[in-house]
Amino acid sequence: MEKLVKTQLDYFNTNVTKSVSFRIGQLNKLYALLESNERLLEEAIYRDYGKSPFETFQTEFAAVFEEIKVAVRDLEQWAAVKPVATNSRNEPATSYLIPEPLGVSLVIGPWNYPYQLSLAPVVAAIAAGCTVILKPSELTANCSAVMAKLVNENFEEQYFHVVEGGIAETTALLDQKFDIIFFTGSVPVGKIIYQAAAKNLTPVVLELGGKSPVIIMPDCDLDISVRRLVWAKYLNSGQTCISPDYVYVHQSIEEKFLQKVAEEIKKADYKLENGNFVRIINERNTDRVSGLINPAKIYTGGNYDIDARFIEPTVLHQVTWDDKVMKDEIFGPIMAVMTFEDLDKVIKEIKDRPKPLALYLFTQDENVKKKVLGEISFGGGCVNEAIMHIANGNLPFGGVGASGLGNYHGEAGFRAFSHYKGILDKALVEDPDIKYSPHTEEKLQRMKAAAK
Ligand code: NAD
């Protein structure tokens, strides 16, 4: 690990990665590599957790391809020197910001979207001009192996390299000094990463998780809302960081809402055999998630098969904060439904807990939108939609508080891997003597008059 990081640092110091045309070349190379190996990548993810080519394209490749295309299109402009105003004390001068790559980067990926969440940060790192070491999740072992093979056979180790492994390998990597660490994963491991980074004062981006709430107001378009919500909830079997975790539905429409959710689940025909559904990542998680199902509260679903790593799309109703399902992020195909009468109480209950990564509000009332979006702090979210804010690269994606630190996608990703160096470029004219010694009362008065 030490040698690898040193090799990348030496390479970074040659300044090769700083040229915009070099970066665009590497981005195009990555695009072509992924495109020409789509089949191989699809097979690997299917072996890992039964994800179909349809869902793999929709939720993995589409995002990575778009990130690359936007970066290639806009990189010249992102990397350009940015002029800023000069204040009167410094005139005559010009002032500007020079975006510079932070240096050697470490990207640590999770298993739940093994391609998108490993490669989208890599795209941002390459765009910014960093070198990259990628450590994918060991839980999606086939995806990790295929990424290692493709990257390590096609990119030079000194520039972009995949290191495979689990806790031991990640710990060994974290013993090295990086210029930035980009981590996607759970809150507890996020804390380990942050502590390791602190030893070297390494900046971090932490893309973490948590419980993301949904609020269904009585004035919402219930058909459209339920369709979008059910799709979002059961996508990837609920193993999505921004999955709608629990739902507050207004008491007056609870029954209608639940009925429509059950109908929509039926219509979607979620089965492993037809590729409309994916497996839970491993037996341990199947056991954990199925253990959250309280039989007394099942509205629909509730069946599971630990050996097959399958949990039926499940809706629990009459849920309260005392239920087990409300203690931690669900990260599985269970929708926990609670009712409410008073929106202020809902807002308070959400605000009493860690800041969510996402929030979804279903309403047509502009005042309600303004109130909820203005009063609750959360990473990002949607109105009358769920999950899809992640698919708009113009919206920086990330958490706040316990759900994460920093953000990425599009130019935000470029910024995450860059430092903006501020420069004052002074004109060669004679200075007013006020700045210089000897200090006099008269100079002090002039300085005060100018500054106050
Ligand atoms: P995880 O934290 O268990 O693992 C993430 C990565 O950290 C893996 O590469 C793993 O090998 C490594 N790791 C695990 N334990 C470690 C340790 N003790 N020391 C060093 N490295 C270690 O997360 P996961 O199970 O892969 O993903 C699920 C979590 O990630 C959920 O909480 C989810 O909400 C969150 N998540 C967040 C986002 C986001 O963009 N904010 C996206 C996906 C997932």
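Tutor: Ala, Val, Leu, Ile, Met, Phe, Trp, Tyr, Cys and Pro count as nonpolar, Asp, Glu, Lys and Arg as charged, and the others, Gly among them, as polar. The lining of the largest cavity has seven nonpolar, no polar and no charged residues. The model is predicted: local features need pLDDT of at least 70 and side-chain atom pairs pLDDT 80 or more, whereas totals for chains, interfaces and linings use all residues. Residues are numbered from 1 along each chain as its sequence is written, and side-chain values use heavy atoms, with hydrogens and water left out.

Student: What makes a space a cavity, and what makes it a pocket?

Tutor: On a 1 Å grid over the protein atoms alone, a cavity is a set of points where a 1.4 Å probe fits but cannot get out, and a pocket is an open set with protein on both sides within 12 Å along at least five of seven lines. Lining residues have an atom within 4 Å of a point. A volume is the space filled by probe spheres set on the points, which are joined across faces, edges and corners. By this rule there are three cavities of 30 Å³ or more, and the volume of the largest cavity is about 40 Å³.

Student: Which residues line the largest cavity, and which elements give two or more of them?

Tutor: The lining consists of L30, L33, L34, L119, M147, L150 and V151. Helix 2 and helix 6 are the elements that give two or more residues to the lining of the largest cavity. Helices (H or I, at least four residues) and strands (E, at least two) are DSSP runs, numbered from the N terminus; the protein has 15 helices and 18 strands.

Student: How do you know that the span of helix 5 agrees with its number of residues?

Tutor: The expected span is 1.5 Å times one less than the number of residues. For the 13 residues of helix 5 (residues 116-128) this gives 18 Å, and the end C-alpha atoms are 18 Å apart, so the two agree. Just after helix 5, G129 has a positive phi of about 100 degrees.

Student: Why is the pair of F22 and Y159 called edge-to-face?

Tutor: Rings of Phe, Tyr and Trp (its six-membered ring) pair if their centres lie within 6.5 Å; planes under 30 degrees apart count as stacked, over 60 as edge-to-face and the rest as tilted. A search of the whole structure finds 19 aromatic pairs. The ring centres of F22 and Y159 are 5.1 Å apart and their planes stand at 75 degrees, so this pair is edge-to-face. F22 lies in helix 2 (residues 20-36) and Y159 in the loop between helix 6 (141-154) and strand 5 (160-162), so the pair ties together parts that are 137 residues apart in sequence.

Student: Why are F22 and Y159 called buried?

Tutor: F22 has a relative accessible area of 17%, so it is buried. Y159 counts as buried at 3% relative accessibility.

Student: Why is the pair of F155 and Y159 called tilted?

Tutor: The ring centres of F155 and Y159 are 6.5 Å apart and their planes are at 40 degrees, so the pair is tilted. F155 is buried, with a relative accessible area of 5%. Ring pairs link Y11, F22, F155, Y159 and F160 into a cluster.

Student: How do you know where the second largest pocket lies?

Tutor: Domain bounds come from an automatic or database domain assignment. Domain 1 (2-208 + 402-421) and domain 2 (212-393) both give residues to the lining of the second largest pocket, so this pocket lies between them. Its volume is about 600 Å³. Of the 32 residues that line the second largest pocket, A63, I390, A391, N392 and H409 are the closest to its centre. Helix 4 gives the most to this lining, with ten residues.

Student: What makes up the lining of the largest pocket?

Tutor: Its residues divide into 24 nonpolar, 13 polar and 13 charged. The largest pocket holds about 1500 Å³ of space. Of its 50 lining residues, the closest to the centre are G185, S186, V187, P188 and V189. Helix 8 supplies the largest share of the lining of the largest pocket, seven residues.

Notes
Buried means under 20% relative accessible area, exposed over 50%, partly exposed in between (1.4 Å probe, protein chains only).
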